[in-house]
Amino acid sequence: MTTTMTQIFWTAAVVAVLVTILEMLFGSKRRGGPSIIVGVVLLVAGGILAAADHQTVVGLVPYIDTIREFRFARDIVGFFGGALFLGCGLFGRLATGTARDQIFRLHGAMAMAHQDLKSAQELLNSVVRSSISGVMILQAIRDESGVVIDFTCRLMNHEAEQILGRAAATLLGQPLLKHVPCLRREGFFNDAVSVIEMKLPYMDERQCRHGDRQRWYQVAIVKHGDGVVANFADVSDRKRTEEQLRHAAEHDTLTGLPSRSLLTDRLQQAINRAKRMPGYEFAVLFLDFDRFKIINDSLGHEVGDQLLISIAERLRANLRDIDTPVRLDEGHLPARLGGDEFVILLDGIDGPRAAVIVAERLQEALSKPHILDGHEVISTASIGIVINDGKYENPDEILRDADTAMYQAKSSGKARHVVFDETMHNEVMQRLTLEKELRAAAEELQFTLVFQPIIAMDTAALSGFEALIRWPHSERGTVLPANFIALAEELGLIVPIGQWVLREACGQLKTWQKLHHGPRPLYMCVNLSKQQLIDANLVSSVEGVLANTGIAPSSLVLEITESTVMDNLVDLQPVLTRLRKSGVRIAMDDFGTGHSSLSFLQNAPMDILKIDRSFVSGGGNPRDYGAIIHTVIQLAHNLEMDVVAEGIETVEQLAMLQSLDCNFGQGYLFSKPVKPEHAVKYLDRDFRFTVQAEGTDLIAREQSEEKAA
Ligand code: C2E
Ligand code: MG
Ligand code: MG
């Protein structure tokens, strides 16, 4: 029986342990509960059994003797079994709640870490694979002394294969430089080594040969262990776009020549080089094209554009062809600043003379006619030259001085070149001031008119006046038209000024016609500039003035210089014909200076011919011109044109012109241009312009402009 009980109790103990373990593994949160209950029961039972040894319980418990026989079993139940169950129960409750959880947690964490690692690996692979840039993970290969001699490729993506032109299969695990030696040549190897050594990431753009094409890559290298992760992005397209944008910013779209910004860069480089390198010289040529504005206004902007393109081609071609003394290696730079202004940097010249020689050659090449849209257009260049003398600090200073010299060239007769010198500064400042003042004067129409009488040669009576503009200036005194008309044309102010002259002159004529009672109505000559003639509103504004003043159209004579007429860019015939149709008469002014042929006169819709004073009083012996003047007068009369001789200053000139049958005359011999109040006396019907035999004119002297002023 004892043996059987012992077995039972041992079995119970094993069951208790198993129950505890099972609870630990799969039990609920209240683990160990059954074991605790069993343990407590057994301990109570053990206690009862122990108490059975005590006399007090003898008799209380039936079969006490039988129980006593179970002493061994009682011990086991009471102490071993109970303690075991209780221990297991408590362990189950405590240990399973913490250790088991920790074990589980650890296991879970390990599983998760494993999972994370796996997915991180997959993520890395996907990132690398899907990257649109080339990615390579490289491990350094070091020699015995620890120096990096190459890299092993541990991972690379498809894009990296494309960029390197090698399959991953041939590179993975292999020394990289052995298979792709150009990586050393193109600097990649050194960059990667310095990233490892300096522990600093590297990022830059570099140009590499990709197959037979040059490509741009953005390269980023970061240190990773004893190696690097290299990232290459092909940025060739972006680079190309950037290059196109830069090219557009640095070049003129019309001519394709470098623009101001590129020129300024190159000028600054030249200035810096000149300071560093003794003996290095450069020059700047500033070109402005004579008559460009007129061409543009008269033939239209398209022809103007074609002219600029043609000029640019000539500049390119001629700078290419320049041989000694200009060195070819430095690359002279022709640039367009805007409008018809071009600048050439002669980069590296052998002395100032070289720049002048280039300017002369360019002028020759540029003076040949351009055939544009069926028109033969001539536009010569005025060139300002600046030779760098080391004093320049920035490009603007050079361009300013070259512009000044160009302006000098232009005002000294066009198609010339002038080398800048310091004295020109003042002139420029003066010109700028004049420009400003002229604009203000034009705005407020601060001009006056003086009138020079035109005399009928046969009667010495007044036949008309020529209105001549003056600009009364508070500091400069009276400014003559020769000193501001060209500037007004250049500044585009001549049209409004000319309209004012027309209104004023016609208004004055209206007043004088009422006072004048000569055999023929008094007329007024008004000078027109080329820009007025190509102004679309000219005819209507002339008709408007005639209508407003009420003067007869034939009393108005519009003077156009021969050179304007001969400047055959625009056919002036239509506008002249329209003007004549409205009854206005046209005079060809300054005849003899514009190189027109006599046959030209036959087709010109003109009423009056004014022989330039250079033929009459302009030096030399007037008799030398006698034959020419005679021919011209005869031809004009045949064509039913009146002839006015300008600039008659002496009695001899007058006598000669009279003998040549010239019917009208104008000159200081009769009268200088005078103010209106002084012209009134000429209106008297009996007034005659008498001259003394000695050649001095009493009346004219009295009425001279100086006295009038
Ligand atoms: P032009 O039309 O040939 O006018 C004649 C010029 O010769 C005038 O000069 C006159 O003062 C000058 N002159 C007249 N007789 C003599 C003489 O005997 N000897 C000398 N040495 N000169 C004489 P001015 O007034 O200085 O005008 C110069 C030019 O300016 C004019 O030449 C004309 O082409 C232009 N001009 C004058 N007024 C106007 C105007 O209102 N509009 C335009 N577009 N041009 C004008
Ligand atoms: Mg005139
Ligand atoms: Mg004239």
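**View 1. Asp589 bridges two magnesium ions, ligand 3 and ligand 2, which lie 3.9 Å apart.** In this predicted model, local features need pLDDT of at least 70 and side-chain atom pairs count only at pLDDT 80 or more, while totals for chains, interfaces and linings use all residues. Residues are numbered from 1 along each chain as its sequence is written, ligands are numbered from 1 in the order in which they are written, and side-chain values use heavy atoms, with hydrogens and water left out.

**View 2. Protein donors of the magnesium ion (ligand 3) come from Asp589, Asp590 and Glu646.** Because Asp589 belongs to strand E18 and Glu646 to the loop between strand E20 (642–645) and helix H26 (651–659), the pair ties together parts that are 57 residues apart in sequence; here helices (H or I, at least four residues) and strands (E, at least two) are DSSP runs, numbered from the N terminus. Both Asp589 and Glu646 are buried, meaning under 20% relative accessible area with a 1.4 Å probe and protein chains only.

**View 3. Side chains of Asp589 and Asp590 approach oxygen atoms of ligand 1.** An N or O atom in the side chain of Asp589 is 2.8 Å from an oxygen atom of ligand 1, and for Asp590 the corresponding distance is 3.0 Å. A polar side-chain atom of Gln452 lies 3.0 Å from a nitrogen atom of ligand 1.

Note on methods. A polar contact is a pair of N or O atoms within 3.5 Å; within protein, one must be able to donate a hydrogen and the other to accept it, and residues adjacent in sequence count only if both atoms are side-chain atoms. Donors are N, O and S atoms within 2.8 Å of the metal (3.2 Å for Na, K and Ca); water is not among the atoms, so sites may look incomplete. Buried means under 20% relative accessible area, exposed over 50%, partly exposed in between (1.4 Å probe, protein chains only).
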